[in-house]
Amino acid sequence: MSHTVFVTGATSGFGEAIARRFALAGHRVVASGRRRNRLETLAAAMPAGLVLPLVLDVRDRDAVETAVTGLPEDFSEVDVLINNAGLALGLEPAQRADLDEWEEMVDTNIKGLMGVTRALLPGMVARGRGHVINLGSVAASWPYPGGNCYGATKAFVQQFSRNLRSDLLGTGVRVTNIEPGMAETEFSLVRFKGNADQAAAVYSGTRPLTAEDIAESVIWVTGLPAHVNINNLEIMPTDQAWGPFAVHRE
Ligand code: NDP
Ligand code: 8X3
């Protein structure tokens with residue numbers, strides 16, 4: 001079956017890999033993000049007419065509404081939404097963290113995801129089929145120093161995904177929360193404000209997940225029969241696991 005897929009954050013990392021995988025499999029893809037040149041490069045590299053580049057900042061609620069209602073006919077019946085746009089900023093302890101950065105994470109990872117979901121859900125419900133795939137994180141369930149607000153935004157994504165399932169029961173619309181661990185994308189470059197050495201050190205000497213690994217999991221969950229819903233999928237690199245409890249001693 002051919003899908004119409006709406007991907008947020010398709011200019012880099014997971015979103016770009018997911019958009020590519022769907023387009024190369026012959027599905028129509030609305031590829032959105034803020035960097036126009038990257039979206040146009042992606043569209044030009046894919047089979048003609050399958051990728052619609054859409055410049056969109058998910059934090060702009062009105063722009064999200066306008067973009068969704070203005071989708072050209074060929075791309076208007078979105079049946080797969082990939083809520084991927086998101087970011088972590090900084091790794092400072094809460095008492096030193098930048099409040100503006102916390103707000104940017106909330107505005108993007110929580111409010112942006114809410115807005116795009118709310119704009120696209122009615123069409124899915126009306127058509128009796130659809131799939132919302134949210135990019136959560138292991139940081140939703142497992143705390144780490146400096147993960148403060150970022151992890152909390154992903155905890156929202158986890159519970160929002162579950163509550164969506166409750167609301168959508170009987171509509172034919174599926175919801176999946178994919179929770180990756182360490183994956184090498186531009187994520188750390190963004191977190192460390194463009195400091196390439198600091199970003200590279202995160203992945204140095206280990207074998208992180210790749211964007212392609214996550215795209216593969218998205219293709220898997222969407223390709224399952226319509227009566228099967230993967231609720232939550234936590235994925236770590238083999239080289240990553242949990243740490244022990246931390247104990248402060250005098
Ligand atoms: P990247 O930095 O490579 O990609 C992030 C994407 O989000 C970019 O395409 C960026 O596009 C987009 N984005 C950021 N802010 C906005 C915005 N306001 N409006 C629209 N798009 C936006 O990181 P990843 O691919 O790794 O991250 C994708 C998702 O996966 C995020 O939600 C992240 O939290 C999550 N994740 C990442 C993990 C990792 O280790 N890499 C692990 C677990 C989860 P542009 O700047 O062009 O707008
Ligand atoms: C990204 C993974 O561990 O950097 O969500 O928070 S982590």
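Which residues surround ligand 2? Ser137, Val138, Ala139, Gly147, Gly181 and Met182 do; a residue counts as near a molecule if its C-beta atom, placed from the backbone, lies within 6 Å of it. By class, this shell around ligand 2 has three nonpolar, three polar and no charged residues. Ala, Val, Leu, Ile, Met, Phe, Trp, Tyr, Cys and Pro count as nonpolar, Asp, Glu, Lys and Arg as charged, and the others, Gly among them, as polar.

This is a predicted model, in which local features need pLDDT of at least 70, side-chain atom pairs count only at pLDDT 80 or more, and totals for chains, interfaces and linings use all residues. Residues are numbered from 1 along each chain as its sequence is written, while chains are lettered from A and ligands numbered from 1 in the order in which they are written.

The protein has eight helices and seven strands. Helices (H or I, at least four residues) and strands (E, at least two) are DSSP runs, numbered from the N terminus. The C-alpha trace spans about 65 × 40 × 35 Å along its principal axes.

The axes of helices α4 and α5 come within 9 Å and cross at roughly 10 degrees. Axes are lines fitted to C-alpha atoms, for helices over the stretch in contact, and angles run from 0 to 180 degrees between N-to-C directions. The two residue ranges and the contact residues (C-beta atoms, placed from the backbone, within 7 Å) are these:

| Helix | Residues | Contact residues |
|---|---|---|
| α4 | 99-127 | Trp102, Met105, Val106, Asn109, Ile110, Leu113 |
| α5 | 148-168 | Cys149, Tyr150, Thr153, Lys154, Phe156, Val157 |

By class, this contact has nine nonpolar, two polar and one charged residues.
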